[in-house]
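Reader: I have a model open and would like to go through it with you. Can we start with the helices?

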Amino acid sequence: MIELETRELEYFLAVADELHFGRAAVRLSIAQPALSKAIRRIETRLGVPLFLRSSRRVELTPAGEALREHGRHALNAVGAAVRNARRAGDTQAQLRLVLKPGGDAGLLSGILAEYAHTPDARRVDILFSGPADRSDILRDGRADVGLLYAPFDDLDGLAHETLHTEDRVVIVPSGHRLAGRAAVHMSDLEGETLPPWKGIPGGDGTGPDVADAVQLLHMIRVRRMIGVLPRSLVESVPADLVCVPVADAPPSRLVLAWNERDRRPLVASFVAAALTAHVRTDTPRGPHTTATDAAVATT
């Protein structure tokens with residue numbers, strides 16, 4: 001079986017990202033000739049060229065493209081395994097919670113207070129993240145639990161419990177054709193420019209990328225687009241913007257999520273405290289892992 005060491009993958013990925021041996025060597029803090037020799041050794045071992053080299057440019061071959069895609073996943077998996085092993089063996093580990101700024105629907109203080117009363121409570125470190133990587137942060141072990149929004153966030157590979165369900169509103173500038181409505185429907189948004197976020201009514205938007213709600217509100221104020229968000233994320237908007245309920249938009253759910261393979265009591269205890277504090281009694285449970293399941297699996 002052909003094997004590559006993680007260090008060799010790091011070397012390859014640095015060159016694949018930079019497409020320049022000099023910049024990659026600086027990034028890796030090694031000499032350029034040593035990096036070139038390492039890449040040639042990898043190519044010899046694999047039996048295929050990974051890069052097309054000329055005096056002016058470096059390009060990936062089809063084999064290089066494949067190794068870049070799968071090699072990055074492999075390297076991330078190794079890093080996640082190391083982090084999770086260390087966390088599992090650390091009996092004094094702190095619990096890390098990831099969420100977007102303002103993305104707790106006002107529930108976080110109550111959840112933390114409930115968790116603080118559990119016998120095995122640990123300090124909770126809060127990590128703030130942009131919209132694109134909270135799920136990955138949970139999957140690779142950089143955080144233990146997270147507050148995510150469905151259907152906006154990717155829940156693949158994550159166990160989750162719904163803490164709060166709310167409707168969605170469209171944010172438009174004052175004077176917009178929809179600003180005076182008591183409510184709108186998804187069909188009313190046809191032809192409007194929306195950000196390309198997962199879960200927006202009508203599918204992916206056609207507008208420019210925005211990193212967070214603050215950027216979105218700015219783009220709406222300058223009339224570059226409109227936006228649809230859970231109501232709790234836009235409780236206070238500038239006076240020149242208007243929020244209008246979208247009557248037939250699927251509801252947004254704030255969920256507490258964690259890696260579905262994580263069976264540590266540390267996580268189960270926090271999930272149980274969060275449910276005790278805030279889960280709605282009429283919220284139906286789906287076919288996903290529950291806090292009880294996680295707790296039983298640790299006994």
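Reader: Which residues of α1 meet α3?
Author: From α1, the residues E8, Y11, F12 and V15 meet L35, A38, I39, I42 and R45 of α3. Contact here means heavy atoms within 4.5 Å. Helices (H or I, at least four residues) and strands (E, at least two) are DSSP runs, numbered from the N terminus.

Reader: What kind of model is this, and how are residues numbered?
Author: It is a predicted model, in which local features need pLDDT of at least 70 and side-chain atom pairs count only at pLDDT 80 or more, while totals for chains, interfaces and linings use all residues. Residues are numbered from 1 along each chain as its sequence is written, and side-chain values use heavy atoms, with hydrogens and water left out.

Reader: Back to the helix pair. At what angle do α1 and α3 cross?
Author: Roughly 110°, and the axes of α1 and α3 (residues 32-46) come within 10 Å. That makes α1 roughly perpendicular to α3. Angles under 35 degrees count as roughly parallel, over 145 as roughly antiparallel, 65 to 115 as roughly perpendicular and the rest as oblique. Axes are lines fitted to C-alpha atoms, for helices over the stretch in contact, and angles run from 0 to 180 degrees between N-to-C directions.

Reader: And how does α2 pack on α3?
Author: Helix α2 (residues 21-28) packs against α3 at about 105°, and their axes are 9 Å apart. So α2 is also roughly perpendicular to α3. F21, G22, A24, A25 and L28 in α2 meet Q32, L35, S36 and I39 in α3.

Reader: What is the span of α1 from its first C-alpha to its last?
Author: Helix α1 (residues 6-18) has 13 residues and reaches 18 Å, close to the 18 Å expected at 1.5 Å a residue. The expected span is 1.5 Å times one less than the number of residues.

Reader: Which of its residues are buried?
Author: In α1, E8, L9, Y11, F12, L13, A14, V15 and A16 are buried. Buried means under 20% relative accessible area, exposed over 50%, and partly exposed in between (1.4 Å probe, protein chains only).

Reader: What comes after α1?
Author: L19 follows α1, in the loop between α1 and α2. L19 is not a glycine, yet its phi is positive, about 50°. Most residues other than glycine have a negative phi, and most peptide bonds are trans. L19 counts as partly exposed because its relative accessibility is 35%.

Reader: Where else is there a positive phi in a residue that is not a glycine?
Author: R223 has one, of about 65°. R223 sits in the loop between α7 (213-221) and β8, and it counts as exposed because its relative accessibility is 52%.

Reader: Which peptide bond is cis?
Author: The bond from A150 to P151 is cis, with omega near 10°. P151 is in the loop between β5 and β6.

Reader: On to the sheets. What is the strand order of the five-stranded one?
Author: It is an open sheet in the order β4-β3-β5-β10-β6, with mixed pairing. Its edge strands are β4 (124-128) and β6, each pairing on one side only. Two strands pair if DSSP finds at least two bridges between them.

Reader: How many bridges join β10 to β5 and to β6?
Author: Five bridges join β5 (residues 145-150) to β10, running antiparallel, with G146 opposite A257. Eight bridges join β6 (residues 158-166) to β10, also antiparallel, and there T165 stands opposite R253. Strand β10 (residues 252-259) is mostly covered, with seven of its eight residues buried.

Reader: And is the pairing of β3 and β4 parallel or antiparallel?
Author: β3 (residues 95-99) and β4 pair in the parallel sense over five bridges. L97 stands opposite I126 in β4. Helix α5 (residues 108-116) packs on this sheet and touches β3, β4, β5 and β6.

Reader: Last one, R134. Is that arginine buried or exposed?
Author: R134 counts as buried because its relative accessibility is 2%. R134 lies in helix α6 (residues 134-139). Its side chain reaches the backbone oxygen of S129 at 3.4 Å. Leaving out residues up to four places away in sequence, R134 touches V98, L99, K100, S129, L147, L148 and D153.

Note on methods. A polar contact is a pair of N or O atoms within 3.5 Å; within protein, one must be able to donate a hydrogen and the other to accept it, and residues adjacent in sequence count only if both atoms are side-chain atoms.
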